[in-house]
Amino acid sequence: MAVDVLLGLQWGDEGKGKIVDVLTRNYDIIARFQGGPNAGHTLEFDGIKHVLHTIPSGIFHPGAQNVIGNGVVIDPVIFQGEIEKLESFRLNINEVLLISRKAHLILPSHRLLDAASEAAKGKNKIGSTLKGIGPTYMDKTGRNGLRVGDIELDDFQERYDSLLNKHKQILSHYEEYEAYLTKLEELEPAWFAAVERLRGMTLIDSEHMINQSLKAGKSILAEGAQGSLLDIDFGSYPFVTSSTTTCAGSCTGLGIAPNRIQKVYGIFKAYCTRVGSGPFPTELEDETGEALRAKGHEFGATTGRPRRCGWLDLPALKYAIEINGVTDLIMMKSDVLSGFSTIKVCTGYRYKGTVIDYLPYNIENDLVEPIYTELAGWQDDLTGLDNFETAPQALKDYVAFVQEQTGVPITIVSVGPDRNQTIHLAAQNVSA
Ligand code: GDP
Ligand code: IMO
Ligand code: MG
């Protein structure tokens, strides 16, 4: 069987968790391929809201196996916290959750390095989630990192000490060194206790398991974290995360050959948000931006920070579609756009005296000026909508416009955070 990939097309928080949960019934295995506890994937059903950071979003379906792939970085403490929250669901965690031995470990000192690096950057800070993501991936590519499989080795403690010593050398250059050492002492006991619990979990050679499963005819959904505009290569560098958030990341993060990939689901919000620093051409720093934030509850699922809000940016969306080979678009949070008399969509940029409709090398806000097309808004509350046939005409027109501009079909329109507030579109429904 083939692998389908689901990933975010904007700056993260598009609603990946909700849709993975919705789609899980079609798959045997859900596999996270990159990122770590910087992610916060929210899903809601039966009136309860769950936020997952490391655990794949298929976990609430007892029939599905969930794999944390080699491309993921794991903080054992945060991970154990997530597992504890699942206890009331009486899942047999060791059967339904499998962890790659090749996934890298986030050490307490990685978090301190993240904090030190951000503090030193001052106003140029990335706005990192401070979970240690950057330093952990740096140690991975620097060939210093500790992997989950290392905890099964006799010399794990020596490996830990050796890496910690390297980190201490770096931290000693910062003024706050003594404070970092105190913090380290506070963090270490819980970290080692969580590593002990991780030892009792199902650690696997996930690339092998995944390829065997494919040969056995099982279907796999690869779950991305963050979004394409935060990709280490193709995002708004340096204001990005440290992993490959795009489709190629599912190959390296799970051990899947590119020719195994079939569908690529690309998720986007009907508008745009961004949390953390970095350029955002269509950002609205006015009451319309405030209205989107308030109506869409745009506050980070991991850090609680307010998300910056703006109109949909089609050049950026088309770029992400191209890089990822998106076959199916999924439009989220359509309900949040209800109530606007008109809705703007950016269709191009004024850039260095010309008009372009693609994302240039440098998208700094003072270089790129969005050009907008105005579409009619709709007033109806969409949260009870269960059939696209009965949707307001203006919403149908909005969907048709995005499809026409991108050339990719929108197959799902989401109208609320709950699992059930999801409309699957048949191709014939989308014409204006
Ligand atoms: P993820 O990181 O891509 O999984 O997305 P997040 O969970 O960080 O952020 C998406 C937020 O929007 C969460 O609070 C979801 O519960 C919520 N959400 C998802 N889909 C919809 C939708 O269609 N409408 C509304 N109003 N909220 C949604
Ligand atoms: P999900 O999977 C939104 C952002 C941070 C910061 C930048 C780098 O929930 O969509 P990092 O901690 O990775 O070094 O931070 O990336 N960021 C996210 N923004 N959603 C996420 O994940 C994010 N993960 C990281 O805010 O700007
Ligand atoms: Mg999120």
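**Entry 1: the metal.** I started with the magnesium ion (ligand 3), and found it coordinated by D13 (OD) and G40 (O), at 2.1 to 2.2 Å. Donors here are N, O and S atoms within 2.8 Å of the metal (3.2 Å for Na, K and Ca), and water is not among the atoms, so sites may look incomplete. D13 sits in the loop between strand 1 (3–8) and helix 1 (16–23), and G40 in the loop between strand 2 (29–32) and strand 3 (41–45), so the pair ties together parts that are 27 residues apart in sequence. My helices (H or I, at least four residues) and strands (E, at least two) are DSSP runs, numbered from the N terminus.

A note on what I am reading: this is a predicted model, where local features need pLDDT of at least 70, side-chain atom pairs count only at pLDDT 80 or more, and totals for chains, interfaces and linings use all residues. Residues are numbered from 1 along each chain as its sequence is written, chains are lettered from A and ligands numbered from 1 in the order in which they are written, and side-chain values use heavy atoms, with hydrogens and water left out.

D13 is partly exposed at 22%, and G40 is buried at 9%. I also noted that D13 has a positive phi of about 60° although it is not a glycine.

**Entry 2: ligand 1.** Next I listed the 20 residues around ligand 1, of which G15, K16, T42, D335 and S414 come nearest. A residue counts as near if one of its heavy atoms lies within 4 Å of the molecule or strand in question. I then went through polar contacts, meaning pairs of N or O atoms within 3.5 Å; within protein, one must be able to donate a hydrogen and the other to accept it, and residues adjacent in sequence count only if both atoms are side-chain atoms. A polar side-chain atom of T42 is 2.5 Å from an oxygen atom of ligand 1.

**Entry 3: ligand 2.** Which residues are closest to ligand 2? Of the 21 that surround ligand 2, I wrote down D13, K16, H41, T129 and T241. An N or O atom in the side chain of N38 is 2.9 Å from an oxygen atom of ligand 2. For the backbone, I noted V275 at 3.1 Å from a ligand 2 oxygen and G127 at 3.4 Å from a ligand 2 oxygen.

**Entry 4: empty space.** Rolling a probe the size of a water molecule over the atoms shows where empty space is left. On a 1 Å grid over the protein atoms alone, a cavity is a set of points where a 1.4 Å probe fits but cannot get out, and a pocket is an open set with protein on both sides within 12 Å along at least five of seven lines; lining residues have an atom within 4 Å of a point. Grid points are joined across faces, edges and corners, and a volume is the space filled by probe spheres set on the points.

I found one cavity of 30 Å³ or more. The largest cavity has a volume of about 40 Å³, and its lining is L9, Q10, W11, L229, C272, D313, A316 and L317.

The second largest pocket holds about 640 Å³ of space. It is lined by 30 residues, with T42, G296, H297, K333 and P417 closest to its centre. Strand 3 gives the largest share of that lining, four residues.

Entry 5: I finished in the loop between strand 10 (220–223) and helix 9 (248–254), where P238 lies. A cis peptide bond joins Y237 and P238, with omega about 5°. S236 is found in the loop between strand 10 and helix 9 as well, and S236 is buried at 9%. The S236 side chain makes polar contacts with the side chains of R274, at 3.1 Å, and W11, at 3.4 Å. W11 was one of the residues lining the largest cavity.

Technical notes. Buried means under 20% relative accessible area, exposed over 50%, partly exposed in between (1.4 Å probe, protein chains only).
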